[in-house]
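I went through it with the viewer open, and here are my notes for you to follow alongside.

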Amino acid sequence: MGSKEICRNELRIAVRQLSDRCLYSASKWAAEQLVGIELDPVKFTPSNTRFQRGSSSIRRRFRTNEIMSTPIAGVSYVSTPVMEEDDIVDGDFYLLAKSYFDCREYRRAAHVLRDQSGKKAVFLQCYALYLAGENRKDEENIELEGPLGKSDAVNKELVSLERELSMLRKNGSIDPFGLYLYGLVLKEKGSEHLARNLLVESVNSYPWNWSAWSELQSLCTTIDILHSLPLNNHWMKDFFLAGAYQELRMHNESLAKYEYLQGTFSFSNYIQAQIAKAQYSLREFEQVEVIFEELLRNDPYRVEDMDMYSNVLYAKECFSALSYLAHRVFMTDKYRPESCCIIGNYYSLKGQHEKSVMYFRRALKLNKNCLSAWTLMGHEYVEMKNTPAAVDAYRRAVDINPCDYRAWYGLGQAYEMMGMPFYALHYFRKSVFLQPSDSRLWIAMAQCYETEQLHMLEESIKCYRRAANCNDREAIALHKLAKLHCELGRLEEAAFYYKKDLERMEAEERDGPNMVEALLFLATHGKDQKRFEEAEVYCTRLLDYTGPEKETAKSLLRGMRMAQSGFPSMSAEHFPP
Amino acid sequence: MAGILKVPGAFDVTPHKVSLCILLQVYASPNQLFVPFPFSSFAQHNRLGLFLLALTKSCDDILEPKLHELINQSREIGSSSIDWLADHLISRLSSLSSPDDLFNLFTEMRGVLAGQDAGIVEDDQIILDPNSNLGIFLRRCILAFNLLSFEGVCHLLTNIASYCKEVLSSRAPHEAHLDGSGVNLMEASEYENMDLENLVFEKVTEEIEAKKKAGERIPFHLHVPTPIFGLVEDIELSAKPTFKQSTKGKEAISYAMTLDGSSGAVDHGFFLRSNWQIQGYLLEQTDAIEKHGSSFPLNALEFMLGQLQKLAPELHRVHFLRYLNSLYHDDYASALENLHKYFDYSAGIEGFDGIPPSSGFNNSGRYEIALLCSGMLHFHFGHPKQAVEALTEAVRVSQQHSNDTCLAYTLAAICNLLSEIGISNASGLLGSSYSPVANMGTSLSIHQQLFVLLKESLKRAESLKLKRLVASNHLAMAKFHLMHVQRPVLSFGPKASMKLITSPINVCKELRLSSNLISDFDIESSMMITDGSLSTTWLKNLHRQRGSSVIFEETEPGNRSNASSFFSQPNSIPGSVSQLVGASYLLRATAWEMYGSAPLARMNALVYATCFADCASSVDAAVAYGKLIQYLAAYKGYKAAFAALKTVEEKFISVSKSQIMVLKLQLLHERALHRGHSKLAQQICDELAVLSSPVTGVDMDLKAEASFRHARTLLAAKQFSEAAAVAHALFCMCYKFNLRVQDASTLLLLAEIHKKSGNAVLGIPYALASLSFCESFNLDLLKASATLTLAELWLSLGSIHAKRALTLIHSALPMILGHGGLELRARAHIAEAKCHLSDASFSVPETSGVVLDSLRQACDELQILEYHELAAEAFYLMAITFDKMGQLEEREQAASSFQKHIMALEKVTDEEDPLLK
């Protein structure tokens, strides 16, 4: 596939250019994608495919869409530009500055480059200053914590950087990297619109800088903004769109994009992780687990996104796998929020909630805006019956990201626990608004309405109906619907839902008290409606069960036979078995 | 409250304090002689001292002045030394370039203080006593500096650098045109300064300036009077409180407004001084919002709160203020959001910060309050169903957490809800799920439920010693007794009397009980001062000034000085208490109005308007003023009423959809009816009807009123059958919604309609029914008016009934003359005259005096009212009497007056009413 070769060449050059400018995370990303492109097995020795072992048949099994055979995103119109090189003496300074930079001595690096005029040097100088300012800001945040939690530290370099960059831009002597930095500065200053324009400009002229894309992605808060961006066609745009869709909770669209990208980058860990993320949001835990297992096989020291894997393991109650994962990340890098979350999850699964809270707190200390840590800590507090603390934690999560339906749900749950179903409804409403396709949320809301304090059965029925419509995994909704209708005396509706529930249980080969209840109701109902054959079928099925229902079924059968054989209205009660 | 996390009142070293220290050093430099270097005289030196004193006192304020503001302020000390001072200050500040310089500076500061070796003090040496105000300030600064970590010192250094930078950059142009812009700058800074200390200071300096100007008239003697200046100044300073209170009200208002507007204030950032002050500020704002309602500026406060929140993310009360703000501005979504946010954050323990919640609340003791608030929110936005759900849940949760206080408040809220939302609406609302009070069966009527609830709530409040709640419950009870005609509660069996009664005695009793509150608070007032409000007394003073000047602007000028002296001493009674007591007066006024004693009603309204207006919410105040104006209209005629209305309208300009609007329409309608402009009357009537909410069962009073007026308009237009139909419909509606009082007046209206249509026989039963209603409901004035109507009806049946009519009139006359309005009195007079005239045994020459007397009075009264129809009738009768007496000249005069009124009635001028627009 020619396009693969093109991508590979572009990325190869881009990695060099990016790391030359000390844009390390972008170059890391590019390099990952570079290696992720499927190699032609004929041409390369096994050592080259080291990373690509286990091109898993398991994963193939789960792949739903066939990869489309269209060439990737049209023809990329930008070929990797050869960046001008500064002349040799300046180049020496640049080398020194870059070494300083690599040793995290940002101000020193900026100082070395103070009089340089080459684009590369200017960019590195500005970037170093920016990072120095960021470092200082973080330190000040800790130093300045005021009596009311005030921390108004700002990056002090922003003003001068903005001045310089805007001047450069006016001169026209700004390169795409400078534009990226300019966008970053503006975003930090809060002028998002301008920042967006600059970032678009940057990625249009140099699309391989993933950092620019991801900044742009964080600025796309609504679908309208996303669609209004004047982006040129390039295969990088697909990565961007996939990520943006995910942020906007359009999981299926995002999944489709990633699967399409996988056609080229079939061994990209990044894409795999992102697919896992999307699947996780769609609650396809099995697939997520498979993907992560493979990811870990290929990349055993990976910490990113591993907290999601731990969530899956938690949900599936895989103690040993979770502990193994926790141990592994602990050995790799214990001071990462992800690691702390994983350990917290492990303790939570073990039922040691205090310890787990401790680790979540550590995660939050490492990153105050770690959304999942807040939410998970809320869950822990709920487990510990410390509802006020749980409410607080959830609330903080919600304030960081008001679209986090889990935290809203948690809030509702906490209030429901406190016996305030009416108050809880507000939160459930919020969460349902954000994620209307999740049956659990609808069920929670329905249960609120159903509580004896509120007892608003009509509303409850409405919610259960919604839940039943969106793939209710635990199959609570149908049963509840049937029961509620029965309670309200609407027998036809009740029969309808019992039948549906029965069908479902048959399809899923489940058994249990619900089944008995459904059969019993249907049998009685059939008899009352004089649909004897139907009732007989249900009765016979009931006979397979033990317990009082069996006897009832027997007597029902007897009664029906008698009614059918002409004895007028002699009910079974007269002939006790 | 829960928002407070850490130790309040931390004393940090700030650039401003450093410059104060430098100035202090200048003031008390240890090695100087009698008069230290830059000063030419004692007075100047003293003035610097006073200046510093003022600054140190204000150093705990929320906002610190910037350097150029400080310099501008200090410019007032004296002309010769100030430039040197400013230069010295700036050069000292800008010379601080390393942490070591700071260390040295503060070590030097120690030298300023008299140490242990202070024994050897020369006479003329200036020392700072370590225990003086300035000395303590200096010591605190030194201590705070010594406590700083190295990072802290670095931050101080950078802060000082930015503090200086602005002045250094702006200094050159500033000096270039010192004369012109200096003043402007000072003015600008004046408005940025918000605290009282500085304010006082500036006033003092203004004064100094004025004195100086006075002094400059004799330029050659400038040297001599300066010490005297100093002396005078001292005196002025000590007398400053009275000074500021009495004359500078207007200015204080503008300062307060900048605080509200806050655009200038927040620009250069807050220095968060202490939590207490912020909390106190928030409390103030809360009061202000509740008092001013929707007239409070939404965005300004919102902006301010946004800033505050950015600075103090852990101060959760900001969310509550946001909630209140959006509540009063009818922003449902944001109010709901903020309410939930506030309680999510502040409820129980403060998350995991490990800080225990402040005392007084147990861990989970606040969620029921959240429910209570959300119930009130729904109530406010007109969702009674949700409100009831929330409140029921609040009852349940507070029972669970045995929070009796909250329970009592919740019950009171439910009572309020029940009595407000109207009866038909509520039935079915309290469905099966509803049983906050266990012993309350659903078989009871809403009335009875309400009564039982009120009792319950009152009992609870009493046992919990919640005085305010007790008082407000008493008020609610009084209102209940006033408004609701009741069967004896819980009477069973066929023998139970089914007589409907109202109980004015109960009303009176409850009202008395509720005002007992104020005496309680006199005793224990010291306990009621909340911590936060204490530290913002200065803010309170500002607010008070604003409040008082608004209220006393138009009333008698003599009041004003009284008021300000009253307010200048700290008021020991909390605002909420006086609000409650005020409400009891308002309710008293209403009660008297209903029972028919106009003077007493007027008196109570007057008491309210004068004594409680500054703590009343604008709505309540509007009601009181409305009552007074109605009184004016009924007793002094429309001219006076409209004049008063105009001033009141200006006062409540922002409260658009309020009583004032209704009142205006009522007055206009009344006048239009009297003048005979039935078209206009109908138009106004329609406008009135539009004001009420379209939802059934809401705003019933207003709806009944509009419909009543509609019927009257039709009656005036002589469309009797239509009028009767409307009145019938109204009666049915009132009956349905249990508005018994309105029933009585509707019956009377029906009688009136029949009377006018010449169908007296039909009218009499209505009049009698109305009479008996009035009797059982103790509506004395209405009863008198019903009696009058009855008499008129009898009279129109023929002259044989004149005697009976006359007795009826005479029985009602004391009440009418004592309490009735102009119209009623005039009607009574005319009816009386008519009785005399139509009485067969009546002989003109003997009793004409009586007849003429009452007719003359009627004429006078009706002319004030411009009630052309009745006036014409009176003049007509007068003319007839004169004719019978043979006094032709007077007869002609009366006849021409008659003609004039008839003409006015017929020539319905379409003059545009200026008041209508």
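This is a predicted model: local features need pLDDT of at least 70, side-chain atom pairs count only at pLDDT 80 or more; totals for chains, interfaces and linings use all residues.

1. Chain A has 577 residues, and 53% of them are buried. Its secondary structure consists of 30 helices and zero strands. If you take the contacts in chain A between residues at least 6 apart in sequence, 56% join residues at least 24 apart.

2. Residues 371-404 of chain A are 79% helix and 0% strand, and their end C-alpha atoms lie 9 Å apart. For residues 405-438 of chain A the end C-alpha atoms lie 10 Å apart, again with 79% helix and 0% strand.

3. Now to a single helix, H7 of chain A, which covers residues 158-171. Its 14 residues reach 20 Å from the first C-alpha to the last, close to the 20 Å expected at 1.5 Å a residue. Which residues of H7(A) are buried? They are A:Leu158, A:Leu161, A:Leu165 and A:Leu168.

4. What do the buried residues of H7(A) pack against? Their partners are helix H6 (119-143) and helix H8 (176-189) of chain A. On the other side of H7(A) you will find A:Val159, A:Arg163, A:Lys170 and A:Asn171, which are exposed. Just after H7(A) comes A:Gly172, with a positive phi of about 80°.

5. Aromatic rings deserve a point of their own, as the structure holds 37 aromatic pairs over all chains. One of them joins A:Phe101 and A:Tyr127; this pair is stacked, at 5.8 Å centre to centre with 20° between the planes. The pair links distant parts of the chain, 26 residues apart: A:Phe101 belongs to helix H4 (residues 88-102) of chain A and A:Tyr127 to helix H6 of chain A. A:Phe101 has a relative accessible area of 4%, so it is buried. A:Tyr127 is buried too, with a relative accessible area of 10%.

6. For another geometry, turn to chain B. The ring centres of B:Tyr342 and B:Phe343 are 4.8 Å apart and their planes are at 70°, so this pair is edge-to-face. Both B:Tyr342 and B:Phe343 are buried.

7. Back in chain A, ring pairs link a cluster made of A:Tyr24, A:Phe101, A:Tyr106, A:Phe123, A:Tyr127, A:Phe177, A:Tyr206 and A:Trp208. A:Lys120 lies over the face of A:Tyr94, 4.8 Å from the ring centre, and B:Arg588 lies over the face of B:Tyr585, 4.9 Å from the ring centre.

8. Is A:His426 buried or exposed? Its relative accessible area is 8%, so A:His426 counts as buried. This histidine is in helix H23 (residues 421-434) of chain A. Not counting residues up to four places away in sequence, A:His426 touches B:Leu336, B:Glu337 and B:His340. Its C-alpha is separated by 9.2 Å from that of A:Trp408, 18 residues apart along the chain.

9. B:His754 lies in helix H36 (residues 740-756) of chain B and is buried, with a relative accessible area of 13%. Leaving aside neighbours within four places in sequence, B:His754 is in contact with B:Asn759, B:Ala760, B:Leu762, B:Gly763 and B:Tyr766.

10. Most residues other than glycine have a negative phi. A:Lys385, although not a glycine, has a positive phi of about 60°. A:Lys385 is found in the loop between helix H20 (371-383) and helix H21 (387-400) of chain A, and is exposed at 62% relative accessibility. B:Lys718 is not a glycine either, and has a positive phi of about 65°. B:Lys718 lies in the loop between helix H34 (700-716) and helix H35 (720-736) of chain B, and counts as exposed at 53% relative accessibility.

Key: Residues are numbered from 1 along each chain as its sequence is written. Chains are lettered from A and ligands numbered from 1 in the order in which they are written. Side-chain values use heavy atoms; hydrogens and water are left out. Helices (H or I, at least four residues) and strands (E, at least two) are DSSP runs, numbered from the N terminus. The expected span of a helix is 1.5 Å times one less than its number of residues. Buried means under 20% relative accessible area, exposed over 50%, partly exposed in between (1.4 Å probe, protein chains only). Contact means heavy atoms within 4.5 Å. Rings of Phe, Tyr and Trp (its six-membered ring) pair if their centres lie within 6.5 Å; planes under 30 degrees apart count as stacked, over 60 as edge-to-face and the rest as tilted. A charge sits over a ring if NZ of Lys or CZ of Arg is within 6 Å of the ring centre and within 35 degrees of the ring normal.
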